[in-house]
Amino acid sequence: GSPLTNTEVDNNFNNLNTDKYESGDNPTFGNLTLTGDLKPSIAATVSAAGTSQSGATELSDVYNIVTTVGSGAGVKLPTAEASLTYTVVNTTATNLLVYPNVSDKINGGTANAAVTVAAGSSATFIAKDATDWYSLTSLLVFDSSGTRLN
């Protein structure tokens, strides 16, 4: 709570001068220790369920390969949290509904409303904050005969 003395100010400046990094110096870094599984989790056979948000299959893995979709069935993202990223791959011939978690929104839409991931396509969902998801949809390319090229 009291002002610094002249000696204390001088010592602070001396410390700043001796502790700085200068071009050409060889910096040293501390060790970083990582724990846990660093590979993203993959659910290779997800079955969509229900015809509403409450009955949709809850996603728990980062990558989700949906292999079964009934008419109007869907999956549900976890509660949004900034920087969460989930990918949903729809390998079926049926459109898939992807719901946000309760009270969340996708692409600025209505809370709890689903978006569609077309048959044979995928989307990556990125949470901006605690309630908002945004989707990145892959571009599908077809040749003139209707065969998917990517």
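Lys128 and Asp129 form a salt bridge, their closest N and O atoms being 4.0 Å apart; the term means a side-chain nitrogen of Lys or Arg within 4 Å of a carboxyl oxygen of Asp or Glu. This is a predicted model, where local features need pLDDT of at least 70, side-chain atom pairs count only at pLDDT 80 or more, and totals for chains, interfaces and linings use all residues. Residues are numbered from 1 along each chain as its sequence is written, and side-chain values use heavy atoms, leaving out hydrogens and water.

**Salt bridges**
- The structure holds three salt bridges.
- Lys128 is exposed at 53% relative accessible area, while Asp129 is partly exposed at 23% (buried means under 20%, exposed over 50%, partly exposed in between, with a 1.4 Å probe and protein chains only).
- Lys76 and Glu58 also meet in a salt bridge (3.8 Å, N to O).
- Lys76 lies in strand E4 (residues 74-76) and Glu58 in strand E2 (residues 57-58), so this pair ties together parts 18 residues apart in sequence (strands are DSSP runs of at least two residues and helices, H or I, of at least four, numbered from the N terminus).
- Lys76 is buried at 7% relative accessibility, whereas Glu58 is exposed at 57%.

**Aromatic pair**
- A search of the whole structure finds one aromatic pair.
- Tyr86 and Trp133 form this edge-to-face pair, 6.2 Å centre to centre with 85 degrees between the planes (ring centres of Phe, Tyr and Trp, its six-membered ring, lie within 6.5 Å; planes under 30 degrees apart are stacked, over 60 edge-to-face, the rest tilted).
- Tyr86 is buried at 10% relative accessible area, and Trp133 is buried at 0%.
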